[in-house]
Amino acid sequence: MAGKQHPRALQPSQANGFWVDSTQSRPLVAGVETGGTKTVFGLAAVEDPTTILLQHRIETTSPEETLAAVDAAFASWTASLPVTALGVASFGPLDVESSSPTYGTIFDTPKRKWEGISLLAGLSAVAAKPTVVYSDVTAAALGEATNPEARNENLLYLTVGTGIGLGITLDGKPLQGRGYPEGGHLFVRRHKSDRFAGICPLHEDCAEGLAAGPAVQSRMADGEKPDEILEVVAYTLAQVILSGLYFTAAETVVVGGGVSSIRNLREVTAEHLALLRSPTAPPTIRAPRHEHSGLVGAMRGAALLANAAP
């Protein structure tokens with residue numbers, strides 16, 4: 001489900017091509033979520049960062065072109081609107097330690113053009129505003145944990161796509177410091193019927209090597225049946241979730257990403273989780289509520305930063 005849209009859309013500015021409204025008086029926050037294929041950015045009110053007032057989407061191309069487009073929007077908004085803070089959510093590996101000299105820099109990533117790119121250096125508008133940087137999955141967890149009915153919950157967000165990412169919020173705050181959770185490379189027990197070697201270049205049969213998108217595709221090419229793949233992937237994901245629950249005692253689990261579209265995956269994962277956790281009743285595993293949870297989380301983080309300012 002997409003973030004709530006404000007009933008009165010902001011009006012376009014002919015000068016810059018981005019949607020702004022110079023009469024807007026409420027304090028605002030801006031956020032961006034960079035992805036492998038698309039980048040989304042937008043605005044929200046500080047007091048309600050889960051309601052997207054404005055959202056713009058572009059294709060992710062080169063770092064220079066992509067960041068220039070976002071920077072143009074940010075610069076326009078900060079110049080003409082009461083934007084108080086900015087939030088950045090990005091794929092990684094990513095430096096998220098705010099005191100680090102390379103804060104906001106993307107490290108050794110499969111997206112080779114982005115390796116070594118400083119997101120903050122590419123966004124000149126952030127120099128004038130308080131800015132927070134999150135991994136995309138941490139931001140997604142924060143976005144999903146800030147619904148009106150669950151603002152302070154402890155939440156695990158598991159995304160299963162090209163890789164497996166894990167985001168955690170505790171009491172509504174993101175778990176992130178010198179780094180962030182890496183659930184995809186947990187070592188798990190193999191399903192008793194599984195003979196797949198695993199394809200993680202680092203660990204072969206870690207969770208990501210057994211159950212992420214490329215592993216699923218490789219299993220299909222090897223002739224595994226859909227029901228067999230469902231069983232093994234769900235069993236693997238249940239163990240990743242279980243590890244997170246043991247350490248956080250989270251009340252909510254969200255599973256997203258392309259692999260989560262496999263029919264009945266969440267339900268079968270929940271069944272395995274119930275068996276693994278017996279006799280304790282496991283939490284419900286649900287789908288993301290926001291279409292762009294990472295963007296919502298980036299703006300929520302910016303709002304936390306704005307509210308903490310003296």
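**Overall organisation and local features of the predicted chain**

Among contacts in the protein chain between residues at least 6 apart in sequence, 64% link residues that are at least 24 apart. The model is a predicted one, and the mean pLDDT of the protein chain is 87, with 88% of its residues reaching 70 or more. Over residues 1-19, by contrast, pLDDT stays under 50, and for this stretch the model has 47 contacts beyond four places in sequence. The protein chain contains eight helices and 11 strands.

The packing of one pair of helices was examined in detail. Two packed helices are described by the angle between their axes and the distance between the axes. For helix H3, which spans residues 136-144, and helix H8, which spans residues 293-308, the axes come within 6 Å and cross at roughly 80 degrees. Because angles from 65 to 115 degrees count as roughly perpendicular, H3 is placed roughly perpendicular to H8. On the H3 side, the contact is made by Asp136, Ala139, Ala140, Leu142, Gly143 and Glu144, and on the H8 side by Ser293, Gly294, Val296, Gly297, Ala298, Arg300 and Gly301. Sorted by class, the residues in this contact of H3 with H8 comprise five nonpolar, five polar and three charged residues. H3 is mostly covered, since eight of its nine residues are buried; these buried residues are Val137, Thr138, Ala139, Ala140, Ala141, Leu142, Gly143 and Glu144.

Several pairs of residues that are separated along the chain were also considered by the distance between their C-alpha atoms. Thr51 lies in strand S4, which covers residues 48-59, and with a relative accessibility of 9% Thr51 counts as buried, because the cut-off for that class is under 20%. Thr51 and Met299 are 248 residues apart in sequence, yet their C-alpha atoms are 9.7 Å apart in space. A second pair involves Gly179, which is located in the loop between strand S9 (173-174) and helix H4 (207-211) and which, at 33% relative accessibility, counts as partly exposed. From Gly179 to Glu97 the separation is 82 residues in sequence and 6.8 Å in space, C-alpha to C-alpha. The C-alpha atoms of Tyr246 and Arg277, which are 31 residues apart along the chain, are separated by 9.5 Å.

Most residues other than glycine have a negative phi, and most peptide bonds are trans. A cis peptide bond, with omega of about 5 degrees, joins Gly92 and Pro93, and Pro93 is situated in the loop between strand S5 (83-90) and helix H2 (119-122). A positive phi is found at Asp171, where the angle is about 55 degrees although the residue is not a glycine. Asp171 is placed in the loop between strand S8 (164-170) and S9, and its relative accessibility of 43% means that it counts as partly exposed. Glu204, likewise not a glycine, has a positive phi of about 60 degrees. Glu204 belongs to the loop between S9 and H4, and with a relative accessible area of 52% Glu204 is exposed.

Key. Residues numbered from 1 in each chain as written. Predicted model: local features only at pLDDT ≥ 70, side-chain atom pairs only at ≥ 80, totals over all residues. Heavy atoms only, no water. Axes fitted to C-alpha atoms, helices over the stretch in contact; angles between N-to-C directions. Helix = DSSP H or I, 4+ residues; strand = E, 2+ residues; numbered from the N terminus. Parallel < 35°, antiparallel > 145°, perpendicular 65-115°, else oblique. Contact = heavy atoms within 4.5 Å. Nonpolar A, V, L, I, M, F, W, Y, C, P; charged D, E, K, R; others polar. pLDDT = per-residue confidence, 0-100. Buried < 20%, exposed > 50% of the residue type's maximum accessible area, 1.4 Å probe, protein only.
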